[in-house]
Amino acid sequence: MQYQSTRNNKIKESFTNVLFQGLSKDGGLYMPILWPRISLDKLKNKSYEEIAFLIINPFTDKNLSEERLRKVIDKTYKCFDHDKIAPLVNLEKNKYVLELFYGPTLAFKDYAMQFLGNLFSDLLQHSEKNITVIGATSGDTGSAAINAFKAKKNVKVFILHPHDRVSEVQRRQMTTAQEQNIHNLAIRGTFDDCQKIIKQLFLNKDLQLKTSLTAVNSINWARLIAQVVYYFWAYAQLKKENIDLNFIVPTGNFGNVFSARIAKYMGLPIKNLHVATNENDILFHSINEGKMIIKEVTKTYSPSMDIQISSNFERQLFESSNRNSNTVNEIMNNFYENGNFTLQKNIIEDMQTIYNAHSVTNLQTLETIQYFKKKYNYLSDPHTATGLSVLDKIKNNNINIALGCAHPSKFGAVIKKATGEIIKLPPSLENIFDKSEKMIILENNFHNIKKYILENL
């Protein structure tokens, strides 16, 4: 498979190059030149790992043999704490939750990040290359990346998170990692500030001369294809044919919901994708009105979604503009320069053929947690609750599946506020408050952060 950039549809890159580069040198995101199709018949009686191979293999290249890919996949999901890896829970007729919090850091990011860590390890063994992993996190990506890459040979990890804008458990899952190759940088700013710095680092010649940079955010294509897997897995668990699916996906950076869109491109019978946002609702306005307007980031009960600039939305703009990189460049340049852009009518109409966007307030999030606990005895984290708020209102005869994003114990204070209950920590988190933390707090300044990374390579 070859790849092109959303900012330059003329280039052709290999999977391996795309994996290690993360972000294209022109600032764009990588996309495959075509969408492989998956026969739904091939999903029958397959395990999660077998379906993962079916989905991921068409996107790779000769540098990764089928045998090695199978070994990477098998190793990846051995550390997951459920025999179904991602179980589908039935709440009532035609309404389900796909639970994605059985990985080592109890969040959906593990499903892709563990794969990414093992994939890098395999390829590095065969190339003897040293890499520097950099990433920005609004909560769960950082801990998932640290868990996946800690103590890995030939890998340095620098994770940026917005200071005082993640939950305490999310922070401690990152900062209690004591491995020498791990560096946690708490930035006095928002996730959008962290993400902007990451993109600047990728385009910086000083760093490129000193080390090979790679991204672990969902700007890295390999993250997305690993997430596509659990949408097909949800369908396989239903064991029904000739059905239409609707997925309700809480999102901030648009990566998880675009992974669902990829699944539809590949043949999964998805009718609608419901995009659930919190009060940071730029996606709500972009999809429903075509108005991309950057506002101040609001601190909410669902911190991983406290984002105004959703990187992966650019991938959808590329598709909705018929892969016209000139159009994407015009949109993104104007958006970053002016803080707003009104999308063309044809792009809006294309997006609205599948996406329905919703904005969920803090109060609605609390009410939904309480309501689902009382009605179904189902306890959700606040990110999942934004999706459940949408699921509750849906009235149709399709199969409606909301994504369970994280274990509720990671947000104990919100759960207590919503239900009055003190949630018990799972074994993996029981001693997290007793461990010492390791992080450095830096101002929102690109040059200082670049200097820190150069000094610690």
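Predicted model: local features only at pLDDT ≥ 70, side-chain atom pairs only at ≥ 80, totals over all residues.
Local features need pLDDT of at least 70, side-chain atom pairs count only at pLDDT 80 or more, and totals for chains, interfaces and linings use all residues. Residues are numbered from 1 along each chain as its sequence is written, and side-chain values use heavy atoms, with hydrogens and water left out.

The largest nonpolar core holds 122 residues. Such a core is a set of buried Ala, Val, Leu, Ile, Met, Phe, Trp, Tyr and Cys residues joined through side-chain atoms within 4.5 Å. Buried means under 20% relative accessible area and exposed over 50%, with partly exposed in between (1.4 Å probe, protein chains only). The residues with the most contacts inside this core are Tyr111, Phe149, Trp221, Phe232, Phe247, Leu343 and Tyr355. Helix 9 (residues 221-238) gives the most to this core, with 15 residues. Helices (H or I, at least four residues) and strands (E, at least two) are DSSP runs, numbered from the N terminus. A second, separate core of 24 residues includes Leu185, Leu207, Leu213 and Tyr452.

Phe149 is in contact (heavy atoms within 4.5 Å) with Met113, Leu116, Gly117, Phe120, Val133, Val155, Val157, Asn181 and Val216, leaving aside neighbours within four places in sequence. Gln227 lies in helix 9. Gln227 counts as buried because its relative accessibility is 1%. Beyond residues up to four places away in sequence, Gln227 touches Phe108, Ala112, Gly255, Asn256 and Ser259.

Three strands form an open sheet in the order 2-1-3, with antiparallel pairing. Two strands pair if DSSP finds at least two bridges between them. Strand 2 (8-14) and strand 3 (30-32) are the edge strands, and each pairs on one side only. The twist averages 40° from one strand to the next. Strand 1 (residues 2-5) pairs with strand 2 over 3 bridges, in the antiparallel sense. Tyr3 stands opposite Glu13 in strand 2. Helix 12 (residues 313-320) lies across strands 1, 2 and 3, running at about 45° to strand 3. Axes are lines fitted to C-alpha atoms, for helices over the stretch in contact, and angles run from 0 to 180 degrees between N-to-C directions.

In helix 17 (residues 412-419), the buried residues are Val414, Ile415 and Ala418. They lie on the same side of helix 17 because they cover an arc of only 100° around the axis, taken from the directions from the helix axis to the C-beta atoms. These buried residues pack against helix 15 (362-376) and helix 16 (382-393). The face turned away from the buried side carries the exposed residues Ala413 and Lys417. Gly420 follows helix 17, with a positive phi near 85°.
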